[in-house]
Amino acid sequence: MRSTRAIINLNAIEHNISIVKQLAPGCKIMAVVKADAYGHGIVQVTSHLSQIDAIAVACMDEAITLRNAGITQPIILLEGFFSDDELAQIIEYNLQTVVHHEAQVIALEKLAQKYATDTTRLDINEVAKPNHPQFQLIVWLKFDSGMHRLGFDDAGFIDAYQRLQGLGFISTINPMSHLACADDIQNPMSQRQIQLFNQVTTNITGERSMANSAGVIAWPESHYQWIRPGIILYGCSPMIGLTGSDHQLIPVMMLASQLFAIKSIKPGDQVGYGSAWTATRETLIGVIAIGYGDGYPRHAKEGTPVSINGKTYPLVGKVSMDMITVDLGEDFSGKIGDEVVLWGDELPVETIAQHADTIPYTLLCGVTSRVKFVWNN
Ligand SMILES: Cc1ncc(COP(=O)(O)O)c(C=O)c1O
């Protein structure tokens, strides 16, 4: 059987959370598990997150998946609701929402008006109705401090804050913002964003949130009451040029496969599609059962390290859909069937990302369903 596997070490997540707590002591943690927990399995990962205060997802489907799996912790929709219909689901599934746009404020105002006059229209349970004394919605109001993707400018932020404050069913408005360049400690942008966030929230109550993983590591002034770590939980460094072990993090995913063919070639022989690599000496080519059909990056360059029996060998030739080829050298002592690690503890995914001109996020999120996932405690 093809043994291409993603082995997820759930205990490493616990360890990484303890590092996050050391980096941001006293802060509440909103663990970011969007995109299937960065490719690690949203239900398996979230079920294992006991030491955190809330969970952040990108969209309703992710939130519902978690509620249906029995997750009871607070869940925040990082991009808010995409349509008015989703407001009913926010209530039904007891979610918190980011509000980043005027259209969302208007939708909330309309909801308030509707329930001021008609308490029967929402077909969900009694407690979930906005006019019910127990119903309270927590919103995270997003300020655009410079990323210019989501959020209100200064005036829009204050205006939205005041309007939401007037809606009876909104119990809490927490200001939030997002850092654009926190992975680069030389870049003055983060400092500017923090300053602007401080200014706009001076007279505003609510618990503030700004820091992603890079903010947690490099920008303590961005920690406020709530941090929102994502990639760091999975054992990766968000910082330019660093790997998880530089912060004592443990990689959560190991992508592994096996060597399933060894071929002897002569000088001048060419390997793979496009005959893109030519041998300059006699050597052995190892063929490994992983390719872009599994999420191994198609653009991994010649020389990308691949680990076999604890030693690294260079990728040669182009990555195919189901296979890659490595130069084993003349004296290779391993054999067909040997385990191969594409990334994991012994080979940081950050290193592979660098060789493929991408970021570790895309590699982790990109492992396909053809790969067998194994979750270990
Ligand atoms: C709003 C928001 N907060 C936090 C995060 C977590 O970022 P990171 O994985 O870099 O920690 C993300 C991820 O993109 C995000 O969109």
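Which residue has a polar backbone atom 2.9 Å from an oxygen atom of the ligand? The residue is Gly230. The model discussed here is predicted.

## Ligand surroundings

The ligand is surrounded by 13 residues. Lys34, Tyr38, Ser213, Ile231 and Tyr361 are the closest.

Ser213 contributes its side chain, with an N or O atom 2.5 Å from a ligand oxygen. Ile231 contributes its backbone: a polar atom there is 2.8 Å from an oxygen atom of the ligand. Gly230 also uses a polar backbone atom, at 2.9 Å. Alone, the ligand would expose 390 Å², and the protein buries 89% of that.

## Annotated binding-site positions

An unreviewed UniProt entry lists Arg149 and Met321 under "binding site". The two positions span 173 residues in sequence, and their C-alpha atoms are 34.4 Å apart, so they do not gather at one spot. Of these residues, Arg149 is included in the lining of the largest cavity.

## Arg149

Arg149 sits in a loop. The loop runs between strand β6 (137-142) and helix α7 (154-165). Relative accessibility is 56% for Arg149, above the 50% cut-off, so the residue counts as exposed.

Beyond residues up to four places away in sequence, Arg149 touches Asp144 and His178.

## Met321

Met321 is also placed in a loop, between strands β14 (311-316) and β15 (324-329). Its relative accessibility is 42%, so Met321 counts as partly exposed. The band for that class lies between 20% and 50%.

Which residues does Met321 contact, leaving aside neighbours within four places in sequence? They are Gly291, Tyr292, Gly293, Asp294 and Arg370.

## Asn16

Is Asn16 buried or exposed? Asn16 has a relative accessible area of 0%, so it is buried. The residue belongs to helix α1, which covers residues 10-23.

The side chain of Asn16 has a polar atom 2.9 Å from the backbone oxygen of Leu233. Leu233 is also among the residues in contact with Asn16 once neighbours within four places in sequence are left aside.

Key:
Residues are numbered from 1 along each chain as its sequence is written. This is a predicted model: local features need pLDDT of at least 70, side-chain atom pairs count only at pLDDT 80 or more; totals for chains, interfaces and linings use all residues. Side-chain values use heavy atoms; hydrogens and water are left out. UniProt positions are given in the numbering used here, feature names are shortened, and annotations may be inferred rather than shown by experiment. On a 1 Å grid over the protein atoms alone, a cavity is a set of points where a 1.4 Å probe fits but cannot get out, and a pocket is an open set with protein on both sides within 12 Å along at least five of seven lines; lining residues have an atom within 4 Å of a point. Helices (H or I, at least four residues) and strands (E, at least two) are DSSP runs, numbered from the N terminus. Buried means under 20% relative accessible area, exposed over 50%, partly exposed in between (1.4 Å probe, protein chains only). Contact means heavy atoms within 4.5 Å. A residue is near a molecule or strand if one of its heavy atoms lies within 4 Å of it. A polar contact is a pair of N or O atoms within 3.5 Å; within protein, one must be able to donate a hydrogen and the other to accept it, and residues adjacent in sequence count only if both atoms are side-chain atoms. Accessible areas come from the Shrake-Rupley method with a 1.4 Å probe; for residues, only the protein chains shown count as cover.
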